[in-house]
Amino acid sequence: MTEELPAPGPMDALTDVAGIRVGHARVPGRTALTGTTVVLAPEGGAVAAVDVRGGGPGTRETDALDPRNLVQRIDAVVLTGGSAYGLDAASGVMAWLEEQGRGVPVGEDPSQVVPVVPAACLFDLGRGGDWRARPDASTGRAAVEAAAASATGTRVAEGTVGAGTGAVAGQLKGGVGTASVRLPSGATVAALAVVNAAGSVVDPRTGVLYGEYGEGDPPAYPTPAVHDAARRRLAESQGARGDKAEEAGGVFNTTLAVVATDADLTPAQAQKLAGTAHDGMARAIRPVHLLTDGDTVFALSTGRRPLPPEPTAAALNAVLAAGADALARAIVKAVRAAEGVDGPGGSFPSYNELYGTS
């Protein structure tokens with residue numbers, strides 16, 4: 001007998017956490033394959049934390065999220081391509097927030113604020129063919145404006161969008177995915193992942209996505225003929241890339257995620273949520289947290305729903321477990337939503353091209 005899993009929220013997305021909005025922007029140009037995704041907190045901000053486990057992270061303002069430090073709430077998180085260059089996208093988000101009067105008050109005038117904008121980057125340099133095509137402040141501004149223009153509770157675009165535009169997952173095309181869980185208590189826990197992993201998301205023995213093994217129902221196994229054809233196609237793609245993959249950053253990666261909840265968490269509890277959410281990443285990507293990854297998970301709490309009056313540990317445990325579940329499923333959805341690319345930066349087929357959409 002299998003345990004019944006909590007149902008997803010209405011959009012099965014990060015935006016099921018009321019007040020959270022998501023915006024994507026892509027760097028223009030035929031040989032540009034990169035972009036930025038912004039997660040915008042509701043007015044008043046959100047409690048935030050981070051857990052960095054990859055050996056090659058590129059981040060900004062993550063020290064501000066240490067529960068021992070001054071900052072208690074933040075207004076936006078930036079996930080971006082472009083490696084360390086792409087962290088410049090956060091400057092555009094910071095400028096937009098300042099114009100809205102959102103940030104840490106530092107003066108008598110309400111306009112005197114300093115927005116704290118944590119950011120993390122993934123390596124996708126050269127994936128479209130142009131090494132110098134990378135997100136900048138204008139990309140970040142476009143992404144946060146797209147988030148602000150969206151209504152709350154709306155669907156989130158997935159696949160080859162935003163920070164997932166140039167992402168790859170092992171030998172497959174990666175991208176953006178999102179999922180949510182509605183707990184029996186009424187609390188919502190949701191995740192958004194940008195999958196750009198050095199490890200594989202596919203079991204080489206079966207062709208099943210690793211993250212699907214924990215979904216409750218047994219996964220649908222591809223036929224041996226389909227799996228053999230997929231393996232041949234991947235070998236051909238890898239051979240066609242040759243040394244170009246390493247020249248274009250094929251040996252550097254990073255999976256990024258934001259896990260959010262409307263449960264009222266302290267900064268320390270949010271940091272625990274960011275940490276346990278990495279378990280979902282480890283279920284869906286193997287191996288993970290390598291030296292060439294910068295795997296990073298941010299956690300946000302809007303605090304709109306008090307934890308149930310049951311023992312605090314039990315209530316918090318339910319949120320922590322849901323964070324890992326939501327992130328594993330968001331990774332699966334990212335890979336299934338991605339569209340393959342074949343260009344000067346290399347050929348990366350999508351999972352659906354190889355195995356179909358079932």
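The legends below describe close-up views of a predicted model.

Local features need pLDDT of at least 70 and side-chain atom pairs count only at pLDDT 80 or more, whereas totals for chains, interfaces and linings use all residues. Residues are numbered from 1 along each chain as its sequence is written, and side-chain values use heavy atoms, with hydrogens and water left out.

**View 1. The protein has seven helices and 16 strands.** Helices (H or I, at least four residues) and strands (E, at least two) are DSSP runs, numbered from the N terminus. The radius of gyration, taken over C-alpha atoms, is 19 Å, close to the 21 Å that the globule rule gives for 358 residues, so the protein is as compact as a globular protein of that length. That rule is 2.2 Å times the number of residues to the power 0.38. Of the 358 residues, 56% are buried. Buried means under 20% relative accessible area, exposed over 50%, and partly exposed in between (1.4 Å probe, protein chains only).

**View 2. Five strands form an open sheet in the order β3-β14-β13-β12-β11.** The pairing is mixed. Strands β3 (47-52) and β11 (175-182) are the edges, each pairing on one side only. Two strands pair if DSSP finds at least two bridges between them. From one strand to the next, the twist averages 15 degrees. Axes are lines fitted to C-alpha atoms, for helices over the stretch in contact, and angles run from 0 to 180 degrees between N-to-C directions.

**View 3. Strands β13 (residues 256-263) and β14 (residues 296-305) run parallel, joined by seven bridges.** Val259 stands opposite Ala299 in β14. Helix α5 (residues 267-284) packs on the sheet and touches β3, β13 and β14. Its direction makes about 40 degrees with that of β3.

**View 4. Ala277 sits in helix α5.** Ala277 is buried, at 0% relative accessible area. Leaving out residues up to four places away in sequence, Ala277 touches Val259, Val297, Gly323, Ala324 and Leu327. Contact means heavy atoms within 4.5 Å.

**View 5. Phe123 and Trp131 make an edge-to-face pair.** Their ring centres are 6.3 Å apart and their planes at 65 degrees. Rings of Phe, Tyr and Trp (its six-membered ring) pair if their centres lie within 6.5 Å; planes under 30 degrees apart count as stacked, over 60 as edge-to-face and the rest as tilted. Phe123 is buried at 14% relative accessibility, while Trp131 is partly exposed at 38%.
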